[in-house]
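Here is a colleague's note to read beside the sequence and the model. Please keep both in view while you go through the points.

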Amino acid sequence: MFSRRTFLTQAAGAVAAGVAGQRVWAEPAALRAPTPITVYKSRTCGCCAQWVDHVKANGFMPTVHDEEEMDAIKDELGVPKSVRSCHTAMVGKYLVEGHVPARDIHRLLKERPALAGLAVPGMPSGTPGMLAPGAAPEPYDVVGFDAAGQTSLFAHH
C-alpha cells in the first residue's frame with residue numbers, strides 16, 4: 001500500500017517528466033532576434049530619427065543610411081511618386097515609405113500580400129515620429145502599393 005507521501009512524490013515526478021518531455025514550438029517575442037530593416041533618411045531629419053527609434057523599440061534592427069539625395073534613392077528603389085514621404089526603408093522584399101507604424105510592418109511580414117510595400121504619404125501628425133507633445137493626433141491611413149503606384153487601404157489609424 002502506498003503512503004500519501006509516496007503517491008505525491010511519484011505523481012510530481014510523472015508531471016515533471018511530462019513537462020520536460022514537451023517541446024515548446026513558439027518562441028516568446030522577447031527571445032526572437034530583431035527583424036533587420038534598412039532605412040534611408042536625411043541626416044538632419046528629427047522625425048525620421050524618431051521613427052527609427054520607434055521601429056527599433058518594436059522588434060526591428062535598423063541599419064540607417066543618412067542620404068541627402070532621397071529622390072534618387074526612391075527612384076532607384078522604385079517608390080512611386082504618389083506615395084512618397086520623408087524616409088524610405090526596406091524590410092524583406094518590401095518597401096516602407098514614411099511613418100508607417102511598426103505593428104503594420106509586422107502584419108505585412110506575417111501576411112505577405114502581393115504588394116511592393118506600405119506607405120503613409122505625407123507626414124500626418126500622430127504617426128510614429130510625428131506626434132508633437134501636446135498636439136492632437138490626426139487620423140491617417142496606411143496604404144499598400146504595387147510597383148505601378150496603385151494603392152489600397154492597408155490600415156486606418
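The numbered points below go from the model as a whole to single residues.

1. Please bear in mind that this is a predicted model, in which local features need a pLDDT of at least 70 and side-chain atom pairs count only at pLDDT 80 or more, while totals for chains, interfaces and linings use all residues. Residues are numbered from 1 along each chain as its sequence is written, and side-chain values use heavy atoms, with hydrogens and water left out.

2. The pLDDT, which is the predictor's confidence in each residue on a scale from 0 to 100, averages 85 over the protein, and 80% of the residues score at least 70. Over residues 14-27, however, the pLDDT is below 50, and beyond near neighbours in sequence this stretch has 1 contact in the model (a contact means heavy atoms within 4.5 Å). Where pLDDT is low, the predicted coordinates should not be read in detail.

3. The protein has 4 helices and 7 strands, and from the N terminus on these elements follow the order α-β-α-β-α-β-β-α-β-β-β. Helices (H or I, at least four residues) and strands (E, at least two) are DSSP runs, numbered from the N terminus.

4. Strands of a sheet pair through backbone hydrogen bonds, either parallel or antiparallel, and both kinds can be followed here along the strands β1, β3, β4 and β5. Strand β1 (residues 35-41) runs antiparallel to β3 (residues 88-91), to which 3 bridges join it, and Val39 has Ala89 of β3 as its bridge partner. Strands β3 and β4 pair in the antiparallel sense over 4 bridges, with Met90 opposite Leu95 in β4. The hairpin of these two strands has 2 residues between them, and Gly92 in it takes a positive phi near 60°. Strands β4 and β5, by contrast, run parallel and are joined by 3 bridges, with Leu118 in β5 as the bridge partner of Val96.

5. In a regular strand the side chains alternate between the two faces of the sheet. In β4, Tyr94 and Val96 point one way and Leu95 and Glu97 the other way, and all are buried (under 20% relative accessible area, against over 50% for exposed and partly exposed in between, with a 1.4 Å probe and protein chains only).

6. The largest nonpolar core has 22 residues, of which Trp51, Phe60, Val91, Ile105 and Val142 touch the most other members. Such a core is a set of buried Ala, Val, Leu, Ile, Met, Phe, Trp, Tyr and Cys residues joined through side-chain atoms within 4.5 Å. At least two residues of this core come from each of β1, α2, β3, β4, α4 and β7, and the largest share, 4 residues, comes from α4. Not counting residues up to four places away in sequence, Ile105 touches Trp51, Val55, Phe60, Val91, Val96, Val100 and Leu118. A second, separate core of 7 residues includes Leu95, Ala116, Ala119 and Phe145.

7. Glu138, found in the loop between β5 and β6, counts as partly exposed at 41% relative accessibility. The C-alpha atoms of Glu138 and Gly126, 12 residues apart along the chain, are separated by 5.7 Å.

Definitions and conventions. Two strands pair if DSSP finds at least two bridges between them.
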